[in-house]
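Subject: Structure handover and what was found in it

Dear colleague,

I am handing over the structure below, and after it you will find my notes on what was found. Please read them with the structure open beside you.

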Amino acid sequence: MAILEVEHVSKSFENTEVLKDICFSLEKSEILSIIGSSGSGKTTLLRCLNFLETPDDGIIRVQNDVVFDGKKQKQLSEAEIKEKRLHFGYVFQSFNLFPQYTALENVTSARRLNAKKQPGFKAHKKEILAEIEQQGIQLLTQMGLENRMHQYPHQLSGGQCQRVAIARALALNPDILCFDEPTSALDPELTGEVLKVIKELAEKKMTMVIVTHEMSFAKEVSDKVIFMDDGYVLEYGTPEEVFDYPKEERTKQFLSRFRNE
């Protein structure tokens, strides 16, 4: 059964159509990489999945539940958006960590905020906050940051900041983890440590959607690949189908640039 189904999703900004009739599905534990030139709609698609942008039309299902239906939900309340976002963890290319928080505080902040809104929080505050902190420690340890959890973002390298951001996204136990070009803000020598973490998550069967320019990585780690061009899904298939036997001439042109580098 598909964990994620996207049907005929579209999105425009003013008079510019950025996403055009997007359709694909993803099974639980699968990894989908989205590739394509800058401006092809990759990040907008990811932001629509996470409700950082609201699609204009189409249907999005997670675990067979409709989380968006463009025929019925033209306007979403802030509470509805926050609820829908819980299905997805989002790792930004520029980290987006709170500079005034330590690594551990960045990882636990969202869960702490959510816990305070739950019935019975005051009665069990100490136990709840202790459990949240313990989970944060475990996630940072999983990221290889057990000796950095009380440091602030300005004291960390770019690769370490990105690993904190991954731990933060995992803290809410999302169904699907999304990455928006997770290595684009990193020096080349730091890229490997973040890709290693993503590979480890893949081995643990985490369902992921990854927008990336790392072609060799996408080919190695993905179960499915989407090539986007001018707002359309131009190719959609296994890494072998998209990378080795592309059907569209535009896909062949795009991939040839990377083969020649």
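Does F51 count as buried or exposed, and at what relative accessibility? In this model, which is a predicted one, F51 has a relative accessibility of 2% and therefore counts as buried, since buried means under 20%.

Aromatic pairs

The count of aromatic pairs comes to 4. One of them joins F51 and F68, whose ring centres are 6.3 Å apart and whose planes stand at 55°, so that this pair is classed as tilted. The two partners come from distant parts of the chain, 17 residues apart, with F51 in the loop between α1 (42-49) and β4 (57-62) and F68 in strand β5 (residues 65-69). F68 is likewise buried, because its relative accessible area is 0%.

A further aromatic pair, also tilted, is formed by F227 and F254, with 5.0 Å from centre to centre and 40° between the planes. Because F227 belongs to strand β9 (residues 224-229) and F254 to helix α9 (residues 249-259), this pair ties together parts that lie 27 residues apart in sequence. F227 is buried, its relative accessible area being 0%, and F254, at 0% relative accessibility, counts as buried too.

The surroundings of S25

S25 is placed in strand β2 (residues 16-27), and with a relative accessible area of 23% this residue is partly exposed. When the neighbours within four places in sequence are left aside, the residues in contact with S25 are A2, L4, E5, K224 and Y236. K126, by comparison, is 101 residues from S25 in sequence, and the C-alpha to C-alpha separation of S25 and K126 in space is 42 Å.

The largest pocket

The largest pocket has a volume of about 980 Å³. Its lining is made up of 25 residues, of which R85, L86, A110, N114 and L172 are the closest to the centre of the pocket. Two or more lining residues are given by each of the elements α2 (78-85), β6 (88-91), α3 (103-116) and α5 (158-170), and the largest share, 6 residues, comes from α3. Sorted by class, the lining holds 13 nonpolar, 6 polar and 6 charged residues.

With best regards

Key
Residues numbered from 1 in each chain as written. Predicted model: local features only at pLDDT ≥ 70, side-chain atom pairs only at ≥ 80, totals over all residues. Heavy atoms only, no water. Phe/Tyr/Trp six-rings, centres within 6.5 Å; stacked < 30°, edge-to-face > 60°. Helix = DSSP H or I, 4+ residues; strand = E, 2+ residues; numbered from the N terminus. Buried < 20%, exposed > 50% of the residue type's maximum accessible area, 1.4 Å probe, protein only. Contact = heavy atoms within 4.5 Å. 1 Å grid on protein atoms, 1.4 Å probe; cavity = no way out; pocket = protein on both sides within 12 Å on 5 of 7 lines; lining within 4 Å. Points joined across faces, edges and corners; volume = space filled by probe spheres on them. Nonpolar A, V, L, I, M, F, W, Y, C, P; charged D, E, K, R; others polar.
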